[in-house]
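Please look at the structure below with this report beside it.

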Amino acid sequence: MRSLTVGIVLLCLLVFVPLAFAKEAEYMVADPEMEKTVNEISAELRCLVCQNQTIADSNAPLAVDLKNQVRDMVESGQSQSDIIDYMVERYGDFVRYRPPMNASTMLLWVGPFLLLLIGVVVLVVNLRKRTAVIKNDEDLSVEENERLQRLLAAESSPQVAKRGNSSSQKAGEEKS
Amino acid sequence: MLRYLVPLIVFLGVAGFLLKGLELNPREVPSPFIDKPAPSFSLPKLHEPEAQFASKDMLGQVWLLNVWASWCVACRSEHPLLVQLSRANIVPVYGLNYKDEPDDARNWLRELGDAYVSSLIDYEGKVGIDYGVYGVPETFVIDKQGIIRHKVIGPVTPSALDNCVLPLVRKLQQATAQTVVKRTEVEGCV
């Protein structure tokens, strides 16, 4: 019973203590609608310091500054494309979390499809080769075919298991 | 023969790319500002906060803008070189004191020597953002027309100074309004 109480207290601590701290990180804004726009734009911008995060996800000082910059620009009524252009002008295409399609990023965009294409070509060529090999196998002489049928028949009939065994052995010898 | 040659060639190709990749710095973001006008700004001076410095006052001369802060460890390592450079009187070096406490900044300069003609207080880092600063230190080379010609990301090293910054500065100083000098003309900059 006592351990249950302790458990409940611990659980409460686990749940509520982070909540108490959670408020701290939040930026207080008057207009939640605008904050939504700010977050949308921030999610499009790469944090230059921690390069695999957007500035919306990052708490690096520069990311916070850039978010504030975005907020200021939204407040002054600039559109999303204005703000992204402003950032690209300063930090280059690199600042965009989703790289734009242009000459220098072309390989990035078409690369996977190119690899897929190469894979498909290699697959088709190999399959063709294999069919050709199988077809060649069928090009046996009448005599050879007869022997093949004989051997296969011997293999599949259980009554003549002994003979089958010996003949499969023989077949093995013949093959090698 | 071919079945051994093809994997070998593929391997060499991949190895070549990876080898090249070792030399590249993935954290270095090339500045889109090279050969573009430096954003103009007006900021209070660190040593006389009531006086303003306007970047347009620098039109007509080649100058360096070094972004620094007292909290920046790498700035400490490049600073002696900047002090040397300013003693040599080749090119005026201005400091952009980025997101720093002015008192800390003044103490830092007192301790390490002041390399700057003047340091400017960018307390909120707005001018830094305007210049696309993403790490400190960064050093901009700005020409007589107020156009950014080069940017050193990270501390200025003696070799970067001797092979790129100084040759570029000399070329820019000799240039007239009609001639355009780009950093590609200096071998050490590319």
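## Where the chains meet

Chain B brings 16 residues to the contact and chain A brings 17 residues, where contact means heavy atoms within 4.5 Å. Between chain B and chain A an area of about 1300 Å² is buried, and carbon and sulfur atoms give 49% of this area; buried area is the accessible area (1.4 Å probe) that two parts lose on being put together, summed over both. Of the area that chain B buries against chain A, 38% is supplied by B:Val29, B:Ile129 and B:Tyr134, which is more than any other three residues supply.

The interface of chain B and chain A also holds three salt bridges, a salt bridge being a side-chain nitrogen of Lys or Arg within 4 Å of a carboxyl oxygen of Asp or Glu. A salt bridge joins the side chains of A:Asp72 and B:Lys126, at 2.6 Å from N to O.

## How to read the model

This is a predicted model, in which local features need pLDDT of at least 70 and side-chain atom pairs count only at pLDDT 80 or more, while totals for chains, interfaces and linings use all residues. Residues are numbered from 1 along each chain as its sequence is written, chains are lettered from A and ligands numbered from 1 in the order in which they are written, and side-chain values use heavy atoms, with hydrogens and water left out.

## The largest pocket

On a 1 Å grid over the protein atoms alone, a pocket is an open set of points with protein on both sides within 12 Å along at least five of seven lines, whereas a cavity is a set of points where a 1.4 Å probe fits but cannot get out; lining residues have an atom within 4 Å of a point. The largest pocket has a volume of about 880 Å³, and among its 34 lining residues B:Glu28, B:Tyr134, B:Val152, B:Ile153 and B:Gly154 lie nearest its centre.

## The second largest pocket

The second largest pocket, with a volume of about 410 Å³, is lined by 17 residues, and those nearest its centre are A:Phe94, A:Ser104, A:Thr105, A:Leu108 and B:Pro30. This pocket lies between domain 1 (2-100) and domain 2 (105-175) of chain A, because both domains give residues to its lining; the domain bounds come from an automatic or database domain assignment.

## The enclosed space

A search of the whole structure finds one cavity of 30 Å³ or more. The largest cavity holds about 60 Å³ of space, and its lining includes B:Asp143, B:Lys144 and B:Arg149.

Terms used: Points joined across faces, edges and corners; volume = space filled by probe spheres on them.
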